[in-house]
Amino acid sequence: MFARIRTRLAVLYAGLFTLALGLVAIALYAVIATTSERQVRDELVASSTVFDRLLELRTRELANAAGLLSRDYGFRAAVATGDPGTALSALDNLKARLGLRSSFIVGMDGQVTGVADPRLRADAAALWTALDAGRTSGIVRFGGMPAHVVAAPILAPNLVGWVVFVNGLDPAQMHRLEQLSAIPINARVLLRGHGGAWTSGEQSADDGAIASFVDARMGDGAPARLDEQGGTAIALARPLQGMNDGESAALLIRYPLAEALAPYLPLQLAMALTGLIGLILVVFGSWRLSLTLTKPISALEQAAQRMEEGEAAEVKVETRDEIGRLAQSFNRMAAGIAERERRITQLAFNDSLTGLPNRAFFRQHLDLELKQVERRGGSGLALLCVDLDNFKSVNDTLGHPIGDELLRAVGARLGASVGGAMLARLGGDEFTIILSRRDAHEAAGAIAARLIAALADPFDVAGHELTAGASVGIAMAPGDGADADTLMKHADLALYQAKSEGGGTYRFFEDEMNARAQSRHRLEGDLRRALAGGEFELYFQPLFDLETNRIGSFEALIRWNHPTRGLVSPDEFIPLAEETGLIVPIGAWVIQEACRQAVRWPDHIRVAVNVSSVQFRRPGLANVLVQALAASGLDPKRLEVEITESIFLESSEALIAVLHSLRNMGIRIALDDFGTGYSSLSYLQSFPFDKIKIDRSFIQQMLTRAGSTAIVHAITDLARALGMETTAEGVESSEQLAELRLHGCSSVQGYLFSRPVDAAGVFEMLAAAHPQRDVA
């Protein structure tokens, strides 16, 4: 049918390409649709579980509040004596504080007190039957909209009525649930009376389809497809506890399938466009390919054979078509291979970025110099390890190209500073210098000081004025090591010591450095085993509430009971845990154990845990908190997370987002050691902390330095203006306590009240403090 080879090739390649592209498109669409629907189903199940948990927590909160009010002597007396003014005042106060839609009293005769609207009054009176039957919580229709009702009996001493709290479940309230989901779901609560249809108080064209779906799917609680006028949605229906006789309630969560697939539409369009372009290129390429196939092929084969044998090979280019370009590519490839062989020889011993000798050449040269020292039977060899102090910040802020330019400039400046010594770059920002001379010890110190001073001067790199700075570690052979590995290890230890002292200096190796490194290594190994071995224990220090004159919370403090070293100070192992990343599992254990202990305390007492900046930089902190709260059953409002000001130096926007997510869960956030770090009023404005903890340094000097007193007073005034609590740390005397009361501090913590105690000591302290007395 197609007589010409060009036509046959074009049709064949185009057909195969179209078939393959079509199969890929079908498979991609199937995978996208299946994955999207599965993700939506999982999210719907998770959202319904969150709603159940939120409803349970809200029921418990309102039941506790209603119970407290119904047991209040003044309130009971007001209800029993028919004093509505006093009773309604208490109801209005709780209504505003708890964010309720309505609060009222239902008497034994069914009379309603506290509802003026006739329609709402009728709905309130309709609750009498359920209340009389002993049902004190559930979902009802109130004012035509679904509502969550919690009630408590009023005994004076006999039952005289019920106090009822109504929490709205209207669209505005349900929008809060929708915001907790990772996808924009639509949630509503539906009600159905005797023989009636499911309604939510809002009319829509899909009410019939929704009612049928709820009737069919509410029993199994699994997500399924819901056909609506606007398209197909994935929906889930779960039953809720109704309160009135003959009235059923259900939660409906749905998400349109079209919205789930919408993010993938650009991908599908891009694939279609790519396929069209590819088809055009295939037709064109196959057409051109058939023009010439045989003439230069033998020449290319012969040239390849010569190149394989190691001879120089070049093909004469006679055409400008595909074969001609292939010949040109072959010639460039042959030239490139020859050039690469030359460069490989060079790169084997030279750093490609700075042109300095590399690690391989350095190691070879160091081995030769050590053999010379051994042959001479004396000293005279110094190894200097140089590491830049600020290179990481340059790379992180300005990018690797600027960092590479800075390394080139540093290499050139170092080369001018070391004289005849051998300078090499080992990698990254690490350089080494081999100094072989009789006065190597004195010369090494002088060279180190000279190059530190040289690198302290700014560099002008691509319009940026950069300061690298450097630290130097020096090891001498053979005293500090007769072989290359030992000498390099000891020079690295000296470098580590120089950097630990703040950088910008040099240090010679000392035997104590090796001992410290070994001790640190052993401590790190013990720390890795400590968590699995159950060697950690939480102690708790009380925080005394100055307004209520009682213990308001405890701060959880970790202790390490080492099997051989005894009690290891947190100041010794916490920095090591942060440096090695072990603070993440240790911090998770602290959170879980603190929640497990705190759930056994009285409901008004919170627990505070310190969270490291390392934990904030790692993903999953919110999940750790959620799991700890879920496993312990602790109310999120009783958990307080303490952070320090230093974490605001890193990725403040991401940090603020994490803090807001924790606040949305109900967890309190406290700013610890306020005033000692990088204090800034900007982050006090960007995030509403629940509490500011004033550092102990200000408290200890408060009675001796007027400046400290002024600072404490300013902090308490600032916190009060921002609606935040204040806690003074390190209170050790009654005079300090009196001064803090005078300044309006919210709570205090310190040895005046108690040192940290173990879990058993907490219960002893709480038992001894009941009834509470004023410690002032």
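Phenylalanine 544 is buried, with a relative accessible area of 6%, and its ring stacks with that of phenylalanine 753, the two centres lying 5.3 Å apart and the planes 5 degrees apart. The structure is a predicted model, and a search through the whole of it finds nine aromatic pairs.

- Phenylalanine 544 belongs to strand 17 (residues 536–545), while phenylalanine 753 is found in the loop between strand 25 (747–749) and helix 27 (759–768), so the pair ties together parts that are 209 residues apart in sequence.
- Whereas phenylalanine 544 is buried at 6% relative accessible area, phenylalanine 753 is partly exposed, with a value of 23%.

**The pair of Phe554 and Trp601**

- Phenylalanine 554 and tryptophan 601 also form an aromatic pair, which is tilted, with 5.1 Å from centre to centre and 55 degrees between the planes.
- Because phenylalanine 554 lies in strand 18 (residues 550–562) and tryptophan 601 in the loop between helix 19 and strand 20 (606–610), this pair ties together parts that are 47 residues apart in sequence.
- Phenylalanine 554 counts as buried, at 0% relative accessibility, and tryptophan 601 counts as buried too, at 4%.

**An aromatic cluster**

- One aromatic cluster is formed by Phe536, Trp560, Phe573 and Trp589.

**Nonpolar cores**

- The largest nonpolar core has 73 residues, of which Leu527, Phe554, Val607, Leu639, Ile643 and Leu740 touch the most other members.
- Helix 19 (residues 583–598) supplies the largest share of this core, namely eight residues.
- Leucine 639, one of the residues that touch the most other members of that core, is in contact with Cys595, Val607, Val609, Leu625, Leu629, Leu634, Ile667 and Arg668, when its neighbours within four places in sequence are left aside.

**Arginines over aromatic rings**

- The charged end of arginine 413 sits over the ring of phenylalanine 459, at 3.6 Å from the centre of that ring.
- The charged end of arginine 559 sits over the ring of tyrosine 539, and here the distance to the ring centre is 5.8 Å.

Technical notes:
Residues are numbered from 1 along each chain as its sequence is written. This is a predicted model: local features need pLDDT of at least 70, side-chain atom pairs count only at pLDDT 80 or more; totals for chains, interfaces and linings use all residues. Side-chain values use heavy atoms; hydrogens and water are left out. A nonpolar core is a set of buried Ala, Val, Leu, Ile, Met, Phe, Trp, Tyr and Cys residues joined through side-chain atoms within 4.5 Å. Buried means under 20% relative accessible area, exposed over 50%, partly exposed in between (1.4 Å probe, protein chains only). Helices (H or I, at least four residues) and strands (E, at least two) are DSSP runs, numbered from the N terminus. Contact means heavy atoms within 4.5 Å. Rings of Phe, Tyr and Trp (its six-membered ring) pair if their centres lie within 6.5 Å; planes under 30 degrees apart count as stacked, over 60 as edge-to-face and the rest as tilted. A charge sits over a ring if NZ of Lys or CZ of Arg is within 6 Å of the ring centre and within 35 degrees of the ring normal.
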